[in-house]
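Trainee: I would like to learn how to read the features of a model one at a time. Could we work through one together?

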Amino acid sequence: MDTTAELPIKMVKPDIWPYIKSWITPLIVPLLLLLGWHAGVKVSGTQLIPLPKEVGLMLYDFAFGGIYDDAFSETLPLHLWSSVTRVYGGFFSAALVGIPLGLLIGRIKLIRDLLDPTLQLLRPVPVTAWLPLSMIFFGIGPNAAIFLVFLGAFYPIVFNTIFGVKSVDNRLFEAALMLGCSGSSLFRQVVLPAAIPSILNGLRLGHGFAWILIVVGEMTGVPEGLGAVIMDGRMLSRTDLVIAGMTVIGIVGYATDRMLVALNNRLLKWSPQHHV
Amino acid sequence: MSDSERRPLPAIDIKGVSKVYSVGGQTVQALREVNLTIKKGEFACLIGASGCGKSTLLRIMAGFETASSGVVNMYGKPIVGPSPERGMVFQDYGLFPWLTVKENIGFGQRQRNLPKAKLNEISAYYTDMVGLTKFADYYPGQLSGGMKQRVAIARVLANDCEVLLMDEPFGALDALTREKLQQDLLEIWARTKVTVVFVTHAVEEAVMLSDRVVVMTAGPGRIEEDIKLALARPRDITAIEFNQVRRDITQYLSSHVSSKVAA
């Protein structure tokens, strides 16, 4: 009776294995990268790049202190908070300006003709190229950084909103009109919900750019912030500090992106194809 | 206007309607001098090959398009645009994907600032009428084609539509679902006394459903024949009389097509 002996194993396997696999699979590449990093430093004997272990120690000291006890020990919360306020200051003002502007441009031809060419002209200019001007406009300080983050997040938000509004299926307008929905109700009840998937997509892209631009923004000579820490680390040849700062930005950017994804999937529960 | 005043007036009255499109600098005549009167409570099918203007005529009745010349009245009043009293059912459903079944069905009534309880009552009633109570909280993306079309029918009925305009509504459905929906539509029609104008290119469907079959021909679109069906209901698709009528209508359609080919 070999078959009965095999049966319990066959039944258990498909239950647990996919669960384990879904946790292990995403970790394989990061672990290999760490391993390669470690081996690379060891084999080449370079003094310029620290071992992953040393970056880990630096991260711990950066967050909790007790190892190096230098100017950077225990300062992570301070720098993180500064960066977070700038990222979200820039991001939310980009959303606050970009979404209504995108709705207007997408919906009203006069506004589109008036603004779209200018926006198209400004869009290809790299946000980093605005750095000198933003320092002239806003001086040395956090506002210049917020402005750069704003610019970086603004374009994807406004253009995705325009796209969302313009691609509403004409059939839905017909359906709404024959059901007695018109004017501003049409906008609120049809245009807006139909454009939500694109708007959320723009927000997610803009949010990614906001975190990318914070480092550039904090090159403007602010004393605090993850970007400032990375610049300090560069100047002091503290590569472990540079990589620690990069790691924090990566993790926080990832975690906040997951929050946006959760919001996206909640708001779009009617459309599984828009789930990320 | 009270019911007694409007009863003698036809539900839809089309007089001398022509429609000319301009496509890429060329003018195309979609309809020429169409006259058609549809009585209150009647079930009329517009049938014809592609390009005969049957959908254009229906869209003019709905108010989505305007006639280039001629008059279209509903109960004696000119049709100037889309309105809840003329509910359209599209072949591709046109449901709002972000609203649930019961929210889609209540969409029209929601525009009228009703108390929430009354609104819920109406949408529950019509959700039940099309047999979707179990699916009231589903989104359109989770429904089959037949179920979506039931929602589309319920949402216009729930909005007090008096004339139901249907543009090949069952064309995208499989044969079994189509037959079921045809029967359900007839039941709803008998129950609500709504006037139906139904566009199709399937002869069998037209004979199954309607009091009257209006045969349209293309180039330019016009009405070729207007046939009253005296067949008793419920209709039997296998009956000799049914097939007699079906043959006649098929002949009207094919004779026109072949004469055009010969010319």
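Trainee: What share of the contacts in chain B with a separation of 6 or more comes from residues 24 or more positions apart?

Mentor: This is a predicted model, and what follows is computed from it. In chain B, 69% of the contacts with a separation of 6 or more are between residues 24 or more positions apart. For chain A the figure is 69% as well.

Trainee: What is the radius of gyration of chain A, and what would a compact globule of 276 residues have?

Mentor: Set the value beside the one for a globule with that number of residues. Chain A has 25 Å, whereas a compact globule of 276 residues would have a value near 19 Å. The C-alpha trace of chain A spans about 80 × 70 × 30 Å, and that of chain B about 60 × 45 × 40 Å.

Trainee: What percentage of the residues is buried in each chain?

Mentor: Burial is read from the number of neighbouring C-beta atoms, with 20 or more within 10 Å as the cut-off. Buried residues are 34% of the 276 in chain A. In chain B, 43% of the 263 residues count as buried.

Trainee: How do α8 and α10 of chain A pack?

Mentor: Take the angle and the distance between the axes together. Helix α8 (residues 184–217) and helix α10 (residues 239–267) of chain A pack at about 175°, and their axes are 10 Å apart. An angle over 145 degrees counts as roughly antiparallel, and α8(A) and α10(A) are therefore roughly antiparallel to each other.

Trainee: Which residues meet there?

Mentor: From α8(A), the residues include I196(A), L200(A), L203(A) and W211(A). Their counterparts in α10(A) include I249(A), G253(A), L260(A) and L267(A). The residues of this contact between α8(A) and α10(A) divide into seven nonpolar, five polar and two charged.

Trainee: What is the strand order in the open sheet of four strands in chain B, and which strands stand at the edges?

Mentor: The order is β2-β1-β4-β5 in chain B, with antiparallel pairing. β2 (26–38) and β5 (77–78) of chain B stand at the edges with a single partner strand each, so one side of each is left without a neighbour in the sheet. Within the sheet, β1 (residues 12–23) and β4 (residues 69–74) of chain B pair in the antiparallel sense over five bridges. K15(B) stands opposite V71(B) in β4(B).

Trainee: What is phi of E74(A), and what is phi of E168(B)?

Mentor: E74(A), not a glycine, has a positive phi near 65°. E74(A) sits in the loop between α2 (52–64) and α3 (76–107) of chain A, and it is partly exposed, with 13 other C-beta atoms within 10 Å. For E168(B), also not a glycine, phi is positive at about 40°. E168(B) is in the loop between β7 (163–167) and α6 (175–192) of chain B, and it is partly exposed, with 19 other C-beta atoms within 10 Å.

Trainee: How many residues does each chain give to the contact between them?

Mentor: Count each side on its own. Chain B gives 21 residues and chain A gives 14 residues. On the side of chain B that touches chain A, β6 (86–89) and α3 (101–110) of chain B each supply at least two residues. The largest share, three residues, comes from β6(B). By type, the residues of that side of chain B are 11 nonpolar, seven polar and three charged.

Methods:
Residues numbered from 1 in each chain as written. Chains lettered and ligands numbered in written order. Predicted model: local features only at pLDDT ≥ 70, side-chain atom pairs only at ≥ 80, totals over all residues. Contact = placed C-beta atoms within 7 Å. Nonpolar A, V, L, I, M, F, W, Y, C, P; charged D, E, K, R; others polar. Rg over C-alpha atoms; globule rule 2.2 N^0.38 Å. Buried ≥ 20, exposed ≤ 12 C-beta atoms within 10 Å, placed from the backbone. Axes fitted to C-alpha atoms, helices over the stretch in contact; angles between N-to-C directions. Parallel < 35°, antiparallel > 145°, perpendicular 65-115°, else oblique. Pairing = 2+ DSSP bridges.
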